[in-house]
Amino acid sequence: MQMIDGFLFKAKKNRWHYAYLFIAPVLIFFGLFRVYPAVETLIFSFFKVEIVARRYQWVGLKNFSLLLRDDSFIRAISNTFVYAIYIVTISAFLGLILAAMFNSNMKLGSLFKAVYFVPFITSTVAAAVVWGYLYDPKFGLFNMILKLLNLPQRGWISSYKDALGSIIVFSIWKTLGYNMIIFITGLQNIPETYYEAAVIDGAGPLTRFFRITIPLISPTIFFVVIYNTILSLKVFDQVFVLTAGGPAEASTVVVLQIYNQAFLNYRFGYASSMAFVLFFMIMIITILQYSLSRKWAV
Amino acid sequence: MGGIGIMKSTLFQQGIKITGNTFVYFLLTLFGILMILPFYWMIVTSFQIPENLITFPPKWWPQPPTAEHYRNAIKKAPFLLYYRNSLFIAAISVSSSIFFGLFAGYAFAVYHFPLQGFFFILILSTLMVPIQVTSVSLYILMARFGWIDTFAGILAPNFASAFAVFFMRQTIISMPVDLIDAARIDGAGEIRIVINIISPLVKSVIATMALILFIDSWNDFLWPVIIINSKYLRTIPVGIAFFKDPYHINFGPLMAATSIATMPMIIIYLFLQRFVIKGIATTGLKF
């Protein structure tokens, strides 16, 4: 018996090299292209980086103190938060409402699902180019429809007031299908018997929705909220295409500021300090997700 | 009496159900139209003669249809090349992520080795540092490698996927250990076990992962637009983003270009939609 144990132990031990061999490629790729740049982002945020001259000059906290006085960046942070709040509340909420409608076995269910999902699988850039045309103040479909209805036309993406809102409307259109699908899956996991019991007890549809559906689906709601928040913090493609942050920084966001500072102004150190702020925000959301999801055991 | 009462109430309830259902269908149809209206308008515009694009009220159907915008779009940008670049990058990044993810997932699921937990958390924690955060320093690293404006540079952050490792591990860990032991007793080596025994068993997970990674790679924009300078390396999203001439916007060719860029994928999606939706719903994944 002891011999067998010893043999098994040895056999297990002998497979260590396989374990390391199998995880080595992933570790090398991630170490080199993900972890190392992540660490360097932190380091560079304390430097002035000149990439062509390969000169790195220590500037201490100067980048961060500049950030605090950078109106464009502060605008970007507040826009990103506004964007996140709208996406999370409207897109997630609408997704839940639409999913609740689906749950009854309906005839055209799969057709609707397929249609709602088309924007989500389409490239954000291509879809945003199409929306840029719809939003065109002169020839765009939206203003033509407003004119047909005798309503006042809007400036959409070319107006200071509407630009961020127009991007938000586009993004709700883009993400609604995903949120709906996730909620449909969550709703299907609620046992039918709960509803049957509630019906016997005389609970109406609204009572059932608020007393059974909402409590049982809260882990899914939580996931959708976190997912949409992180996606919102990372928003870039549609802003780049639709407004490029304009007019006059009205619709600028954090990632666009990072892009502009690094790749238009070549201020790599300064852009790194912005990237570090973005990382910090994502980390807070992730820690929140981790600690709360343990509580709910999802 | 009682019978009539029951009948009345069921009729009443049916009435609510029918009006309720009509309302549900109405709302779902309304939102459904809003979902596809942009695509409809894109296609209509791409076939509309130029004069019709500036008339009011708008023309909802191309009358007469023309292929002129498509000819102009193809003249202006090499879409075939964009497709080839996007396909090449997606093929390499998807197959490499799946292949290395399969082996790493197997190692984390089956073996017990020192620092196992640490490495697993390390791989998962890269999800917290997305490309939006690392793009600046990754660009500097690529400059040191001489990989700026190369396929290697575009692919660098996409050779492996933390999601692939995670889902492979979750799938393999739920499989019976006896199976692997039996294969070992039969004298199969570890690499052969992964390739010949495990991979056929997890092929549906592999297919789902491949599909999601493919869509992800196909639509990727931020990193390609940073690392690509040359026109001939452009992927479809980068090509489309720079198709627009900022000083002379011509919506006809622009909509023809976006149709060329999006319609093949949408048609493929319509054939695979059940599989796509199920895959994304069960893994909760994207992008």
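These questions and answers cover the salt bridges, the chain contact and the domain contact of a predicted model.

Residues are numbered from 1 along each chain as its sequence is written, and chains are lettered from A and ligands numbered from 1 in the order in which they are written. In this predicted model local features need pLDDT of at least 70, side-chain atom pairs count only at pLDDT 80 or more, and totals for chains, interfaces and linings use all residues, while side-chain values use heavy atoms, with hydrogens and water left out.

Biologist: How many salt bridges does a search of the whole structure find?

Modeller: Side chains of opposite charge can pair when their charged atoms come close. A salt bridge here is a side-chain nitrogen of Lys or Arg within 4 Å of a carboxyl oxygen of Asp or Glu. Over all chains, the number found is five.

Biologist: Which residue of chain A meets B:Arg144 in a salt bridge?

Modeller: The pair crosses between chains. It runs from helix H5 (residues 131–145) of chain B to helix H2 (residues 16–44) of chain A; helices (H or I, at least four residues) and strands (E, at least two) are DSSP runs, numbered from the N terminus. The N to O distance is 3.0 Å, and the partner is A:Glu40.

Biologist: Is A:Glu40 buried or exposed?

Modeller: Buried means under 20% relative accessible area, exposed over 50%, and partly exposed in between (1.4 Å probe, protein chains only). B:Arg144 has 31%, so B:Arg144 is partly exposed. A:Glu40 has 7% relative accessibility, so A:Glu40 counts as buried.

Biologist: What is the N to O distance between A:Glu50 and A:Arg55?

Modeller: A:Glu50 is partly exposed at 26%. A:Arg55 is partly exposed too, at 48%. Their side chains meet in a salt bridge at 3.1 Å.

Biologist: Which residue is linked with B:Asp181 and B:Arg184 in a network of salt bridges?

Modeller: B:Asp181 and B:Arg184 both lie in helix H8 (residues 177–185) of chain B, three residues apart, about one turn of the helix. Their closest N and O atoms are 3.6 Å apart. B:Asp181 is partly exposed at 34%, whereas B:Arg184 is buried at 18%. The network also takes in B:Glu190.

Biologist: What area do chain B and chain A bury between them?

Modeller: Contact means heavy atoms within 4.5 Å, and it takes 96 residues from chain B and 89 residues from chain A. Buried area is the accessible area (1.4 Å probe) that two parts lose on being put together, summed over both. Carbon and sulfur atoms give 80% of it, and the total is about 8,600 Å².

Biologist: Which residues of chain B lose the most area to chain A?

Modeller: The two chains bury about 8,600 Å² between them. Three residues together make up 8% of what the side of chain B buries. They are B:Leu28, B:Met35 and B:Met128.

Biologist: How many salt bridges are counted between domain 1 of chain A and domain 2 of chain A?

Modeller: The assignment, automatic or from a database, gives domain 1 (2–62) and domain 2 (69–296). Seven residues of domain 1 of chain A are in contact with seven residues of domain 2 of chain A. The area buried between these domains is about 570 Å². The salt bridge count between them is zero.
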